[in-house]
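Dear colleague,

I am handing over the structure we spoke about, and below it I have set out what was found. Please read the notes with the structure open beside them.

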Amino acid sequence: MGARRQVGKVIVKNFVFFTVAVFVFLILVTSAQWKLTQYKIQDVFTQNLKVIHENRQYFEAQMEKLGMNETEYAWYWTYKVLRIKPTFTGTLEYYFKTSLSVFKDLGSAGLKGFSHPMGYYLKNTIVILILVELCILAVGTYLGLRAGYRGGRLDSVISTMAQLFSAIPVWFIGAVVFLLAWRFSVLPDFAMRIQLASTEGSPGLGEYAVGFALPAIAMILSATWEYAFTLRNIVVSERKSDHITYDIARGLPDGRIMKKLLRVVFPSFLTYTTYNFMDVFMSVLVIELVFDVPGLGYILLHSFRVINKPPEGVGFVYYPEAIFVVGFAMLLIYFINSLLTEIVYVYLDPRVRRQ
Amino acid sequence: MRKMKAGFAILLIYVLLALISPHVIPAEDIKNWNYKTYWLKNPRMAPPEWVNLFGKNLPPTGNLREEKPGEYVYNFHYDQPPQDILIIPPANWSGFVEVKVLTPDGKRVTLYSGTITRITSTEKAFFTVFDLARQMGVNDDISDMVVKGEGLKILFFRKEGDEWVPVKGKYTFRVNASSKITLRVVGRTYGPLGTDSDGRDIAVIFLGGLPQTLVIVFLTALTTVLLGTATGLFGALSGKLGALVEGFAKVSSMLPLVPAMILLVPILGSVSYYGTIGISTGAFVLAQSLLLFGKVSQNVRTITMTELSKEHILASKAVGGSELWILKRHVLKAVLPYAVSQLILTAAKVISIISILGFFNVNFGFNWGELLAMVVTQRAIYNGAWWMVLPVGVAITVIAIALLLIKSEVEERFINPWESL
């Protein structure tokens with residue numbers, strides 16, 4: 001099969017999975033809204049009916065225009081207030097239309113329930129994600145390649161650290177970094193810096209770099225070891241192959257052999273990077289919470305909560321669009337990442353092309 | 001073998017702690033966890049008592065001993081005043097209470113005088129603090145102290161120049177009441193693990209939440225691996241079913257776990273009286289397993305298909321071996337060690353996920369997720385409340401290390417035995 005045809009197949013397959021996953025997620029978003037409104041729908045309707053009945057003169061014109069009697073008009077308002085439709089499928093359709101519209105005006109319209117537009121939160125997360133992913137890849141590749149090729153003390157350090165850091169939850173590493181930075185007064189005012197800069201226009205790269213230094217350090221500390229260890233394992237098995245033994249016997253410089261090794265192991269490493277990407281993304285959202293960075297993690301935290309409202313009971317704060325936006329952004333980034341990797345794989349690995 | 005032994009030894013300690021926990025943690029504490037007035041007798045945001053062993057000198061919390069009828073003695077030798085002194089009447093009693101104090105430097109003051117009907121704070125009532133200040137001749141800094149929750153500094157400290165210095169020694173409290181009154185010093189340290197911003201004992205959620213945490217972790221890991229293995233195996237056997245299973249597993253592994261779990265809270269949960277959402281453990285376990293089984297299923301399917309394409313299996317097929325027989329005789333041998341390794345890995349992952357879900361305020365019962373939700377909602381990290389973060393962080397790390405040690409040994413012995421040669 002030709003490379004182009006293979007790429008086309010990869011695109012179609014990934015797009016189908018992406019669409020299904022988005023639809024499943026939208027069903028979850030709508031179901032949550034549906035369930036949260038059902039417990040109070042009757043109360044809201046009764047209240048609306050009472051208000052309409054007592055102030056009929058104010059609603060008469062609109063009722064006539066819509067061709068509704070008092071009860072129908074009360075239900076009309078109940079669905080409007082609760083932001084649902086009479087049927088679940090109708091509600092699903094409504095959220096399909098409204099949720100995606102958030103992406104139309106990323107930089108201008110405020111996200112419902114939040115003080116900034118969606119673009120503001122998305123940008124912060126993407127900046128930190130890119131910063132972290134690049135650092136992890138650079139440091140992880142350097143360490144893993146050296147450890148895999150040369151072995152020795154670096155190899156044992158990476159093996160131990162990978163086991164240890166895969167056991168420590170990322171929030172804990174973030175909390176320790178935060179507490180240590182706070183204890184020794186090296187904490188830069190990251191959130192404040194970004195917020196101040198954004199009020200005066202768009203924050204520059206320098207501001208982002210300083211502002212996100214600590215969250216990035218925490219993430220790099222947490223995730224680099226596993227990357228390095230995985231690359232080390234792939235390099236160790238490849239190093240035993242004949243062509244590398246031949247290169248060593250020929251007396252080629254280490255740097256050249258390592259470059260060759262990197263080229264050979266790159267497809268395998270790329271696969272691991274894709275698989276691990278969602279974990280890194282999720283960890284970034286957690287780290288954002290630890291360091292109070294206003295990103296997608298912040299939206300996620302505030303998109304649903306229960307509030308105690310004595311004496312009548314409880315109330316909910318739920319922003320379906322907000323949580324959909326976060327889920328959609330995660331799915332989209334995963335889709336793009338997965339798609340690019342698989343396409344690159346088609347060109348890098350001749351075995352895939354031959355299939 | 002050493003790794004496995006060490007791993008199992010650590011796991012055994014956790015299981016023992018979980019078994020002991022119902023006998024150590026009072027059931028009342030767990031029942032009243034969300035009932036704020038239940039925790040009024042404890043200090044708020046107080047570090048553990050053992051911080052005093054590491055250079056701190058903070059007052060602990062406890063009831064004052066009655067030396068003579070109506071006379072209580074408090075030996076104060078700390079660097080900060082207690083958060084509060086509570087006057088605790090007997091249940092269903094109300095009446096007049098007067099509390100007078102004789103300080104080590106000979107001052108006699110009335111700490112409280114009035115009718116009480118329930119547990120009464122001396123520090124939180126502005127009138128009491130301002131009256132105390134008037135008696136002690138203090139005019140400055142009072143509002144500042146009240147705002148900072150240091151109103152009792154007026155009783156336990158004296159201003160020398162610009163600085164407030166503690167007056168250390170024996171404080172005698174004389175209580176005049178028609179019934180037996182308890183005086184409780186609400187200090188600045190509490191118990192083995194400290195308290196949160198509502199005065200709740202962190203040891204209660206840490207130890208009391210351990211049994212449910214372990215049940216969720218191992219049940220989820222088991223369900224995930226069973227589901228993943230079964231779908232992976234049968235998906236590899238049948239063409240159409242295989243494609244369907246692969247698609248389902250792929251979508252499951254694509255769905256963003258934390259946002260999906262946040263949504264499942266209102267979908268699956270019901271609201272309790274205190275405004276918290278409860279989800280049955282079974283529903284939570286199943287939901288999480290459905291979101292996690294994808295990768296296991298895909299890998300089991302790959303292993304099964306690799307095994308099925310081997311020559312000895314093709315030979316078995318040729319001589320009439322049924323698919324079920326081949327599965328039992330050949331494929332399971334390759335899949336089982338992987339499944340065991342995934343069971344352990346998933347358990348380590350689930351414990352981390354519970355803490356992450358807690359971080360996003362997805363709390364679904366009395367477990368460590370609730371503790372992490374407290375860390376976020378009370379901004380414990382920003383308030384420097386390390387005692388709410390470190391013990392649970394270390395505990396999760398240690399159990400994850402134990403699980404990874406076992407996994408590593410399983411892999412060395414059963415999956416990649418040649419690597420250890």
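In chain A, helix 11 passes helix 13 in a right-handed crossing, where right-handed means that the near helix is turned clockwise from the far one by less than a right angle, and left-handed that it is turned anticlockwise. This is a predicted model, in which local features need pLDDT of at least 70 and side-chain atom pairs count only at pLDDT 80 or more, while totals for chains, interfaces and linings use all residues. Residues are numbered from 1 along each chain as its sequence is written, chains are lettered from A and ligands numbered from 1 in the order in which they are written, and side-chain values use heavy atoms, with hydrogens and water left out. Helices (DSSP runs of H or I, at least four residues) and strands (runs of E, at least two) are numbered from the N terminus.

Helix packing in chain A

The axes of helix 11 (residues 213-239) and helix 13 (residues 254-290) of chain A come within 10 Å and cross at roughly 155°; axes are lines fitted to C-alpha atoms, for helices over the stretch in contact, and angles run from 0 to 180 degrees between N-to-C directions. Helix 11 and helix 13 of chain A are therefore roughly antiparallel to each other, on a scale where angles under 35 degrees count as roughly parallel, over 145 as roughly antiparallel, 65 to 115 as roughly perpendicular and the rest as oblique. Among the residues that meet here are Met219(A), Tyr227(A) and Ile234(A) from helix 11 of chain A, and Val265(A), Phe269(A) and Tyr272(A) from helix 13 of chain A, contact meaning heavy atoms within 4.5 Å. By class, this contact of helix 11 with helix 13 of chain A has 15 nonpolar, 5 polar and 3 charged residues, with Ala, Val, Leu, Ile, Met, Phe, Trp, Tyr, Cys and Pro counted as nonpolar, Asp, Glu, Lys and Arg as charged, and the others, Gly among them, as polar.

Helix 1 (residues 3-38) and helix 5 (residues 88-101) of chain A have axes that come within 9 Å and cross at roughly 115°, and this crossing is also right-handed. The contact of helix 1 with helix 5 of chain A has 8 nonpolar, 5 polar and no charged residues.

Helix 2 (residues 41-54) and helix 3 (residues 56-66) of chain A have axes within 6 Å, crossing at roughly 100°, and helix 2 and helix 3 of chain A are therefore roughly perpendicular to each other. Val51(A), Ile52(A), His53(A) and Glu54(A) of helix 2 make the contact with Arg56(A), Gln57(A), Phe59(A) and Met63(A) of helix 3 of chain A, which gives 4 nonpolar, 2 polar and 2 charged residues.

Domains and sheets in chain B

Chain B is divided into domain 1 (57-186) and domain 2 (202-420), with bounds that come from an automatic or database domain assignment. The centres of domain 1 and domain 2 of chain B, taken over C-alpha atoms, are 53 Å apart.

An open sheet of 5 strands in chain B has the order 2-3-10-5-6 with antiparallel pairing, two strands being paired if DSSP finds at least two bridges between them. Its edge strands are strand 2 (65-68) and strand 6 (108-116) of chain B, each pairing on one side only, and the twist averages 30° from one strand to the next. Strand 2 is joined to strand 3 of chain B by 3 bridges, with Arg65(B) opposite Val73(B), and in their hairpin, which has 2 residues between the strands, Gly70(B) takes a positive phi near 80°. Strand 3 (residues 71-76) pairs with strand 10 (residues 169-177) of chain B over 6 bridges, and Asn75(B) has Lys170(B) as its bridge partner.

Another open sheet in chain B has 4 strands in the order 1-11-4-7, antiparallel in pairing, with strand 1 (62-63) and strand 7 (120-121) of chain B at the edges.

Backbone points to check by eye

Most residues other than glycine have a negative phi. Arg83(A), however, has a positive phi of about 60°, in the loop between helix 4 (70-82) and helix 5 of chain A. Arg379(B) likewise has a positive phi, of about 45°, and lies in the loop between helix 13 (368-377) and helix 14 (390-415) of chain B.
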